[in-house]
Amino acid sequence: MVIIEGHQAIPKIPNAIVTSGTFDGVHYGHKKILRKIVKTAQEVNGKSVVLTFWPHPRFVLFPEEKTLKLLTTFEEKAQLFKQVGIDYLIKVEFTREFSQQSSEAFIQNMLVEKLRTRKLIIGYDHRFGKNRSGSFEYLKENSERFGFEVEEIPRQDIDDVGVSSTKIRQALFHGEVDLAAEYLGRHYSLRGTVIRGKKIGTELGFPTANIGVEEDFKLIPKDGAYAVRVLVDEVWHKAMLNVGIRPTVGGLHRVIETHLFDFKKEIYDRPIQIEFVKHLRDEKKFDSLEELKTQLQKDKLSSLAVLKEY
Amino acid sequence: MVEPILISEMDFEIGEVFLIDKPLEWTSFDVVKKIRGRLKIKKVGHAGTLDPLATGLLIVCAGKATKNINEYQDLGKTYTGTMVLGKTTPSVDLETEFDSENPFDHITPKQVEESAAQWTGDIMQVPPIFSAIKVDGERVYKMARRKEEVKLKPRPVQVSLFKVDASSLPEVKFKIQCSKGTYIRSLVRDVGEALGCGAYMSELRRTAIGDFEVEDAFVLEDFISRLQRD
């Protein structure tokens, strides 16, 4: 899959079958649309093209709204698009200026001139351009003039899978990572680098790697303890993870730390990936470090039970 | 009046991708060095080497786009070129001297077509001994230059189109569409060997990488002369 952004060269894509959207999470519903464009492209000997906007339009239009968290970073989305078999990912920088562009102008510039779209396939709720005025009806009416076909994936075809990015976010906010995994078709995952911590875990016999997540918009599941899988240098490890302020040791800031069961090496500054498998318990304040340690031992056993099949 | 290309308007944070028509006798790295020098940034790279005696499309990435070089490298390629039957060179192109000469008068255009068809589809291909592949940590072309015996393993490649025009033998014009990692010189060598007379490649031009076409590429000199700071 070729990613094209900024002024980068756009090739003459033969029979471009295009879809457009933010696709946060790239969940089952999204995949229905994505698979459809891949299949249609194959049928007409063309190429599948995803047009996506970055940053997420809501960050640009409502910058004061700090509550929106995203399921996927751009890199994660790109990887998922590639797995579905998308040929081209066009990353359109979403700015205030861009949001003022009429749907007509956007369609002419991007879909007609640059992509030479043969067919546009969109979800039932998709809108183009300023104030989201470019509806399916508008596209359909003008389809002949634009020179490409338009197809809408009907509501029931997307909703019958009962999945939405909002539902997944809610599940994660409640710590229901197993439910989120069902919706996503994969475990919820995050990437970060290992940063230096206070080493209290080491004193307790549970050395942890603290994880720094670069993107502040990335959704971190509810505070608590989780059974997780951790990818270090292309090898998956079984592990447990805690998200929270660590009240027992007087913590103030939210920290993500993970204890790998079969791994002793120092991995500072290394990129790692976490997959959340199951929520074990909420975060709580223990009366003593001894009690915390006993709980951590229990957590380890529950994690190993959950992760048995991995 | 030629339109200047302003370096100040380039965005190396996002990264730039240039389509360049590589001139004859330049190495692909020469092109990168030249552009690197003009842009005055270190991160410049190309996606897929063209031999010095080949011309055509070279995709050059600058700035952050260099991290996507692999995606461009993975794309299929389209070439046009000419092979000549009856003579061979160790490198299969004209980088090296002729080392054998064989009669070709008995060969018919149909035989050439059949031989090309034989090397179409999913095939196992032995790379040319004059190639940048490493064996025991050494580039094989260095061993080949020392006239050491080089044994290379066949690799799976896909040739989706191998069209030949053999109407003016011993010259054969061809058009090839293939997966990444396919050596056109190997195809020429193998067709020549299958015909029993040998063949060398006198001309090669890469016309497309994926859907990126050489018609949309800058002629290198033109690109360089139009690059301006402000």
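These legends describe close-up views of a predicted model. Local features require pLDDT of at least 70 and side-chain atom pairs pLDDT 80 or more, whereas totals for chains, interfaces and linings use all residues. Residues are numbered from 1 along each chain as its sequence is written, with chains lettered from A in the order in which they are written.

**View 1. The side of chain B that touches chain A.** Here 14 residues of chain B are in contact with 13 residues of chain A (contact: C-beta atoms, placed from the backbone, within 7 Å). Strand S2 (16-22), helix H2 (69-73) and strand S14 (212-213) of chain B each supply at least two residues to this side; S2(B) gives the most, with 3 residues. Helices (H or I, at least four residues) and strands (E, at least two) are DSSP runs, numbered from the N terminus. By class, this side of chain B has 6 nonpolar, 3 polar and 5 charged residues (nonpolar: Ala, Val, Leu, Ile, Met, Phe, Trp, Tyr, Cys and Pro; charged: Asp, Glu, Lys and Arg; polar: the others, Gly among them).

**View 2. Domain 1 and domain 2 of chain A.** Domain 1 covers 2-159 and domain 2 covers 166-306, with bounds from an automatic or database domain assignment. Their centres, taken over C-alpha atoms, are separated by 34 Å. Domain 1 contributes 8 residues to the contact and domain 2 contributes 9.

**View 3. The closed barrel of chain A.** Its 6 strands run S7-S8-S11-S10-S9-S12 with antiparallel pairing (pairing: at least two DSSP bridges between two strands). Strands S9 (residues 224-232) and S12 (residues 271-281) of chain A pair in the antiparallel sense over 8 bridges. A:Val230 has A:Ile274 in S12(A) as its bridge partner.

Conventions: Two residues are in contact if their C-beta atoms, placed from the backbone, lie within 7 Å.
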